[in-house]
Amino acid sequence: MKNQILKLLRDSTEYVSGQELCERFNVSRTAVWKAVEQLKKDGYTIEAVRNRGYRLITGGCEVYNKAEIDASIGTEYIGRNSFFYNIIGSTNSEAKRLADEGAPDGTLVVADRQTAGKGRRGRSWVSPEGTNIYFSLLLKPDFHPSQAPMLTLVMALAVAEAVKGLDEKAEAKIKWPNDIVINGKKVCGILTEMSVERDYIQHVVIGTGINVKRQTFDAEFADHASSVETELDAEVSRSRLIGLIMEAFEKYYEEFKKAGNLSTIKSEYEKYLVNRGREVCVLDPKGEYKGIAMGINDSGELLVKTDDGKTTEVYAGEVSVRGIYGYV
Ligand code: BTN
């Protein structure tokens, strides 16, 4: 009932009388009062005025919890079963644990803080509280394991579109394959992990970390990292952004599953591709080379045209790509 009262208060611009809440939920005034007290403990500011009722005061401090996140997600199944932790080691590890316990396809695991956040290439992902988004999405697809790496690009597309959903003018782009940059600075990283048995996927976990609130970065990241609030110059609700991402992801994931590859969403992805038409340096362990990034193929490999007129297909697992003048 607590969450239903919250939803009702959120949807109403006027006071909602105690009587109305009692009748709506068929409970006593004491039960309503207790639920409101619980919401206050959860961090909501609720004004109670005699003879008028209750009113939710919005703005100010952000409330970030399961109820807020659930209320922001309007999907069919992606993110509908959710878990929220104030502190966890890594949401990716937790999602895997939940998968082993039988958590359903589309389960979302969110944390306010991670103590052992994992980045790509064995790096750690600094995850302080009250600042950023850390979530992992658990998927149980029935396609071949070789298709799973493409899901990282699907998530990148969803995040880029969601940021645009916050502000149409935002310069949100994708640095191939899956970093989200705004005004050329990285605000989001994605780490996809998969559990495979013989030739079939047990589960895939797409972990996403987004710098949201204004913050200072360690010297080593300061020149190419930023946050969504800094770059949009606006306050951003983490729950709302998660909701927008889940909705965009569900839409593109359905397309992806139908096609079995990125063919039907490739052009959408390429609209966001910051590298497109730019000179890039391909950091291939077998030898670095430069070329112009042309776009991606149906499998998500970057097409790089070199000086000799040839086009190479760059697979993200083996190499990374840098802009020749800096990060993008
Ligand atoms: C990168 O290195 O760019 C990818 C970083 C991915 C970080 C996210 S935060 C939520 C999820 N849980 C983790 O432990 N890592 C991912």
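Mentor: Happy to. A salt bridge is a side-chain nitrogen of Lys or Arg within 4 Å of a carboxyl oxygen of Asp or Glu. By this rule the count comes to 22 salt bridges. This is a predicted model, in which local features need pLDDT of at least 70, side-chain atom pairs count only at pLDDT 80 or more, and totals for chains, interfaces and linings use all residues. Residues are numbered from 1 along each chain as its sequence is written, and side-chain values use heavy atoms, with hydrogens and water left out.

Let's begin within a helix. Glu37 and Lys40 pair through their side chains, at 3.4 Å from N to O. They sit 3 residues apart in helix H3 (residues 29-41), so about one helical turn separates them. (Helices, H or I, of at least four residues and strands, E, of at least two are DSSP runs, numbered from the N terminus.) Glu37 is partly exposed at 26% relative accessible area, and Lys40 is partly exposed at 32%. Here buried means under 20% relative accessible area, exposed over 50%, and partly exposed in between (1.4 Å probe, protein chains only).

Now for a pair that spans the sequence. Glu193 and Lys96 form a salt bridge, with their closest N and O atoms 3.4 Å apart. Because Glu193 lies in strand S8 (residues 185-197) and Lys96 in helix H5 (residues 91-100), the pair ties together parts 97 residues apart in sequence.

Glu270 and Arg276 also meet in a salt bridge, at 3.7 Å from N to O. Glu270 is buried at 11%, whereas Arg276 is partly exposed at 43%. Finally, salt bridges link Glu62, Asp112, Lys213, Glu229 and Arg238 in a network.
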